[in-house]
Every structure is written in C-alpha cells, then in structure tokens.
Protein chains: 2
Amino acid sequence: MHNWVFLNDRFVPENEAVLSYRDLSFQRGYGIFDFFRLRGNTPLFLEDHLDRFYFSAESAHLLPPLEREALKAVVFELLNRNNRPDTGVRLSLTGGYSEDGFNIGKPTLLLSQHPFSAPTEKQVRQGIKLLSYAYQRPLPQIKSIDYLMAIWLQPKRIENGADDLLYVQDGYISECPRSNFFLVTEDDRLVTPAQNALPGITRKKVLEIAKQKFITEERPVAYEEIFTAKEAFITSTTKQILPVAQIDSHSFLQNRISHQLLQLFKTYWTNALV
Amino acid sequence: MHNWVFLNDRFVPENEAVLSYRDLSFQRGYGIFDFFRLRGNTPLFLEDHLDRFYFSAESAHLLPPLEREALKAVVFELLNRNNRPDTGVRLSLTGGYSEDGFNIGKPTLLLSQHPFSAPTEKQVRQGIKLLSYAYQRPLPQIKSIDYLMAIWLQPKRIENGADDLLYVQDGYISECPRSNFFLVTEDDRLVTPAQNALPGITRKKVLEIAKQKFITEERPVAYEEIFTAKEAFITSTTKQILPVAQIDSHSFLQNRISHQLLQLFKTYWTNALV
C-alpha cells in the first residue's frame, strides 16, 4: 500500500515525491509550511491551519497553486487514500524552481502525511527542562522552514540534558523552536509573548479556553519573570500543553494549573469540530 | 549534451538531480554550501573554498560523504564532463533524509555547475545602491542556505530602487546577503566587519592584496562611519570588487580606490594558480 503524497498537481507514491535541486528550499532554505493533526481521520482545527498557511504564503510572497477550497479537497482525498488515522498532515510551499538560484519561481506545493511523536507520559507528569539561548527567529509571524538555529543547537541541548530550547533576546522570551511559551504568575495570570513568536493554533485555543477561569495576557515576557512565576508550560499541535519543570538552573515547584489546562484542552480537543 | 550533476555517489543528468521531500533542506531549510568560479575551465581559489566548505560542514554538524581529495577528484570530473568554461560550481551539503523531519540524517551531497550573472559595466563604473535593514544572519561564520530574510526583502529592495541589501544590527554593519562590505576611510584605511560576517574568500584576497598599499582593519564597523567614509565597496566571488555609490540616502562622492583595488584584484585573479 502506497503512502501517497500530493505534489503540485497530482498524487504520487512517496518515493516519487522528489524535488529538483533547483528548488529554492534546497538552494536557499526558502519555504513555508503548516502542520495539523488528525483525531481518527478528522483534521483538527483545519480552518485555523489553513488561515495560517495562506497568511504565511502571502507574507512570504508565495502564491499557492491551489485556492483554499481546492486545497481542502486535496487534504480530504489524501486522508482517504492513505487512511492513516491519528497522524499529522504537513502542507509545504517553497520558493519553487528558481532560474537564477535566488529569485522566487513558481512555488512548489507538497502535502504529506506523517506519524509524529507525542511527549512521553513522564514528560507530561513531571514537566520538561528548557535551555535558553540568545536568538530571535526572523519573521516570527510566518511559519517558515528556517530551523537553522534549532537544528544547529541540538548537540548543545543534549549536552545540557534539556528537552527543548527557549529563545530569549535582549532579556525577553519569544518562543521555543516548535512551541509557544506560557508562564503562570504568582497571582494565577497566564502570560505569553505577544509579538515576537509564531501565532500558534494551540496557543490561541489555550488562550480561549483559559479565559473562562484565568486572566490572560499577551505581552512582552521578560526572562526574569520566570523567577517569580508559579509554573511554565509550552503549547503546540503535537505537544498540546506540556508543563515545564526547569529553565536553565531554575526549577518550578508545581504544575497544577498546567495540568488543569491540559485536562480542559483535552476535553475541548475531543469535542472539537473540524 | 547533458548538464551533469554529482549526487551523493554518482553523476546524474540534471533532470535526475532530485531530492526526496524528506530531505532536511526541504523540511527545515538545513544545509550549507560553497560556490567557486572558473577561469576558463580552471577553478579559482579552490583550496580556500574547500577549506570553507569543510569548515561550514563541520560547524553545522554535517559529515560530508567524501573526503577532500575524493571531492576534488569529483570536481575535476564534473568540469571535464560538462566542459562549461567561465561558469561556477556549487558544492551543497544538506541535513539529508530525516527520519523524523527534524534530526539530521545522512547528509545529501550535490555538486552542480551554473552560469552566473556578473555586475553590469554601468554598476562597476558608477557603483550600486544599498538599502540597509536591521538584521544579523545567524551563525555568520557558516555559509548556510539560510536566505529567508534576503529573499523576503527583495520586493522592498526593488521598491526602494536598491541593487542590494546591507544588514545592520544595533548600529553595526555586518554584510550584504551574498557579499562582504568594506569602507575606505578619510585617511585611506580599508575597514571591514570582523566577526559577524561570512569569512568571504574574495574578502580575504582583497585584504591580502590591499595590505601592500593600504592600512587594513578587520573590526566592528558602525553604520555612522559611512558618513565620513570616502568610499564603500562590496566583495564576492561573482562580483569581485563592486563600488557602492549610495547607502540609504547617503551618497559617496568617489570610487577611485575601489576601482584601483578592482584592477589589482583582476591582475591577481588572472594570474592566480588553482
């Protein structure tokens, strides 16, 4: 049974899902993407992910070869063909075949389906360790394929016994390489960086859900706020809500509210419509 | 007649030079490269480019599948097969096929031969216009494929009638997206940013050549130094030495020394051994 991939204008078996070396992703690391997961065979928060996909594309000066309704039809045909429940779908769009190896050509569109690894039970229960690093992702509103720094830092992350990285620049926290970051303050407010981070879909849902019980603030978050915060957690499509036990040498003493939000999110997620 | 490309372990015709969508260049924009040009069919400054290629690879945690002498043999076979004098050769190395779409796999090596566009005669004579932008390339010592910002800025560059961009952060100049930057001071010293820019091969040669006649300084270069500088120019493999006539709204009144250096460089280049 093939694992089908959609490439530009047709479905191809995975081993035929290839790109020319002239593609601007290979030449200049230029492209955007999005990733959503399935509950069974149902895409979750698909409209939000499509909103962001088209926003990233337009912001990156890339015109997707398919309009929204046609792209949705391709998504559902991909799910039907592959029948791989509880996996994820990646929508990719690159700068395409570039005549001069620099300027954008006709964008390459690729839809692929992948299993993904969720956090371990122990990570969810005890929380993870983050290592901070001085960096700000360029064009943070765009879900670009620019992960140079994240991948380059993996040996340092491992050497420090950390589970993930936390980008901090000029004293302010932005995000983890593939997750958004939240703090729970002493007085039970939820704060998350406002401007310099990817507008995460899970982040948005968590803010919506949390508003029922907590004061939420989207604003600049200083690194030093970790020292007075009660809890910290990260959010993403694959991680949902994952408590943070430690940032650098600072440990958080509890994760009660993170776990409470995770339960609320899981209920919301289980009942969510497409 | 084929245009041959070397892919991992064999020569393939250009249209078979394809990569899996699982390659980390497509998934995460992760890869390094180098580019040298030919004088006739002779590679120029090949040893310098190979030094930098292996340095970039090691710094990016990528192990090239070929050692230096074997890679050189492939370069010369590529030149023989293609017989395209006065073009350029790109050595590319990516994070390879990634099992999980994030961690580095077995790196993909690709050697390709390309024509390139040199500056126009008018650009060389009159100098070009640069538009400054607040940015610092991450891991500037590595010739990575991370050109997200450079390509994203192209519409803004065109809108401003500029020929190229100049990255400036916190008041200090680093580099252009694909060139190094020099100023000629009031007292005829040549200054170029030291730490936060790619160690260009042409930059290095220009510093060597210029030392015979000028005081040269590799040090932090403040943006405000452009206002008292006599001249500015940029250097790269394809541009050699290209005078700068204007940065933002500031015009330089002469380019005498830039042209003098260009003549010295051309003589050096014409006589250079491999």
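Visitor: Which residue is the bridge partner of A:Leu91 in E7(A)?

Guide: Strands of a sheet pair through backbone hydrogen bonds, either parallel or antiparallel. In this predicted model, the bridge partner of A:Leu91 in E7(A) is A:Leu111, and six bridges join strand E6 (residues 88-94) of chain A to strand E7 (residues 109-114) of chain A, the two running antiparallel. Two strands pair if DSSP finds at least two bridges between them; strands (E, at least two residues) and helices (H or I, at least four) are DSSP runs, numbered from the N terminus.

Visitor: What should I know about the conventions?

Guide: Residues are numbered from 1 along each chain as its sequence is written, and chains are lettered from A and ligands numbered from 1 in the order in which they are written. As this is a predicted model, local features need pLDDT of at least 70 and side-chain atom pairs count only at pLDDT 80 or more, while totals for chains, interfaces and linings use all residues; side-chain values use heavy atoms, with hydrogens and water left out.

Visitor: In what order do the six strands of the open sheet in chain A lie?

Guide: The order is E2-E1-E7-E6-E4-E5, with antiparallel pairing. Strand E2 (10-13) and strand E5 (42-43) of chain A stand at the edges with a single partner strand each, so one side of each has no neighbour in the sheet.

Visitor: How is strand E9 of chain B placed, and which way does E8(B) run beside it?

Guide: Five of the six residues of E9(B) (residues 164-169) are buried, so this strand is largely enclosed by the rest of the structure; buried means under 20% relative accessible area, exposed over 50%, and partly exposed in between (1.4 Å probe, protein chains only). Strand E8 (residues 128-134) of chain B runs parallel to E9(B), joined by five bridges, and B:Tyr133 has B:Tyr167 as its bridge partner in E9(B). Three bridges join E9(B) to strand E10 (residues 172-175) of chain B, which run antiparallel, and in their hairpin, with two residues between the strands, B:Asp170 takes a positive phi near 50°.

Visitor: What relates chain A to chain B?

Guide: Chain A can be laid on chain B with an RMSD of 0.0 Å by a turn of 180° and a shift of 0.0 Å along the axis, where copies are superposed by least squares on the C-alpha atoms of residues with pLDDT of at least 70 in both. That is the relation of a two-fold axis, and in chain A the C-alpha nearest the axis belongs to A:Gly29, 2.0 Å from it.
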